[in-house]
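Please open the structure in your viewer and keep the selection panel at hand. The stops below proceed from the whole chain to individual residues.

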Amino acid sequence: MTPLALLLPGAGAQYPAMGYGLYRHEPAFTSAMDDVLGLLGDDGERLYRLWASGAQLRTMDEVHPLLFAVCHALSETVRDRGLRPGAVLGQSVGELVAAVQTGVLALSDAVRLVVVQAEALAGAPAGGALAVAAGPGPVVPCLRAGVVVAACNGPGQTVVSGGEFGLRATQRELEKAGLTWMRVQVPAGLHGPLVADACRGTWPDFRAVAFGVPRTPLLSGRAGGRLSAELAVDPEFWALQPSEPVLLDAAMGQLGADGPVFCAEVGPGHGLAVQVRRHGHRAVSLLDGRAGGSVYEERERLREALDCLVRGESGVRNGEREGERERAGEGAAKVARLRRRGEGAR
């Protein structure tokens, strides 16, 4: 049977009420969500109400803990079906979920660090990110005023981050170059120098935690490949991770070092599943990635994806839907870009 790999996305993948349709209907998911929300204490109750309400997640101390919780709960749901991953790949905050799933961190320690990290990032200078439909080569000459490459996701997507002034100047240069861009839904200039001081301020908290060597291969977006035993137990590696570039394409290139793998995106959306298919692997995503869908649709999506994983099949319907949405998203980006140009002309 083809080995299974879990893909854990980071900030920008979230959407309102992501996965809420599974809560109370999927026992393993519900139990794992309750574990994380319980560890969050009083803040867990606040975040649960926000999640259940379907409100937008606007700040880092909302996005990171809830995204962590949903990704962890979906990972536990996969394990509850008797499926054991042969590798785990994490991106951004998804790397902390990967640390739990591979035995590097205890869940209680990871939840505490997610909160510390989110609070620190919330206090960083205002910023954001853009996803550009191109590799780094044509993007780098367009960067302005402190904006940097934050993630190399593949030949068709580069993410840049920085302050608002720099992002606006960079947008203009991207449009002059004929490059399509979209705003990433993150409330900070993640994976760039804008948040470096905030991350350095979390060192004492990370040093106070015990890290272990991965029991399952952990592919790190920050490391750009398999995480070594030395880096896995290095508190500063983990503390600085949100301020360092994500080398997702390189990490995915090492995912199938021993042959093809079958990947499950255990988080909201299908961005990682789309990227990993470009490396020749099959992939399904467990959540739809759309706000406003019915709870029945989320449960049906999960059931289909888990059935595919158990059978070891990629699922034609699953893959076709994701491909359609990816193309629709690219089309929407082009329409938005043309609309912005028209507004500028007026």
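Of the 346 residues of the protein chain, 55% count as buried; buried means under 20% relative accessible area, exposed over 50%, and partly exposed in between (1.4 Å probe, protein chains only). The model is predicted, so local features need a pLDDT of at least 70 and side-chain atom pairs count only at pLDDT 80 or more, whereas totals for chains, interfaces and linings use all residues. Residues are numbered from 1 along each chain as its sequence is written, and side-chain values use heavy atoms, with hydrogens and water left out.

**The whole chain**

Colour the chain by pLDDT, the predictor's confidence in each residue, from 0 to 100. The average for the protein chain is 89, and 88% of the residues score at least 70. Next, select residues 314-346, where the pLDDT is below 50; beyond near neighbours in sequence, this stretch has 40 contacts in the model. A contact means heavy atoms within 4.5 Å. Among contacts in the protein chain between residues at least 6 apart in sequence, 72% join residues at least 24 apart.

Switch to a cartoon view to find 15 helices and ten strands in the protein chain. Helices (H or I, at least four residues) and strands (E, at least two) are DSSP runs, numbered from the N terminus.

**The open sheet**

Select the six strands that form an open sheet of mixed pairing, in the order β8-β7-β2-β1-β9-β10. Two strands pair if DSSP finds at least two bridges between them. Why do β8 (225-226) and β10 (282-285) stand at the edges? Each has a single partner strand, so one side of each is left without a neighbour in the sheet.

Now select β9 (residues 262-265), which runs parallel to β10 and is joined to it by four bridges. Within this pair, Phe262 stands opposite Arg282 in β10. Show both side chains: the charged end of Arg282 sits over the ring of Phe262, 4.7 Å from its centre. The criterion is NZ of Lys or CZ of Arg within 6 Å of the ring centre and within 35 degrees of the ring normal.

**Aromatic pairs**

The structure holds nine aromatic pairs. Rings of Phe, Tyr and Trp (its six-membered ring) pair if their centres lie within 6.5 Å; planes under 30 degrees apart count as stacked, over 60 as edge-to-face and the rest as tilted. Tyr20 and Tyr23 form a stacked pair, because their ring centres are 6.1 Å apart and their planes are at 20°. Phe237 and Trp238 have ring centres 5.4 Å apart and planes at 90°, so this pair is edge-to-face; both residues are buried.

Within it, Tyr23 counts as buried, at 10% relative accessibility.

**The loop between β1 and α1**

Select the loop between β1 (4-8) and α1 (27-39), where Ala17 is found. Phi of Ala17 is near 60°, a positive value in a residue other than glycine, and Ala17 counts as partly exposed at 21% relative accessibility. Arg24 has its place in the loop between β1 and α1. Its phi is near 75°, also positive in a residue other than glycine, and at 58% relative accessibility Arg24 counts as exposed.

**Helix α7**

Finally, select Gln171 in helix α7 (residues 164-176). Is Gln171 buried or exposed? Its relative accessibility is 14%, so Gln171 counts as buried. Not counting residues up to four places away in sequence, Gln171 touches Leu130, Trp181 and Arg183. The C-alpha atoms of Gln171 and Leu143, 28 residues apart along the chain, are separated by 8.6 Å.
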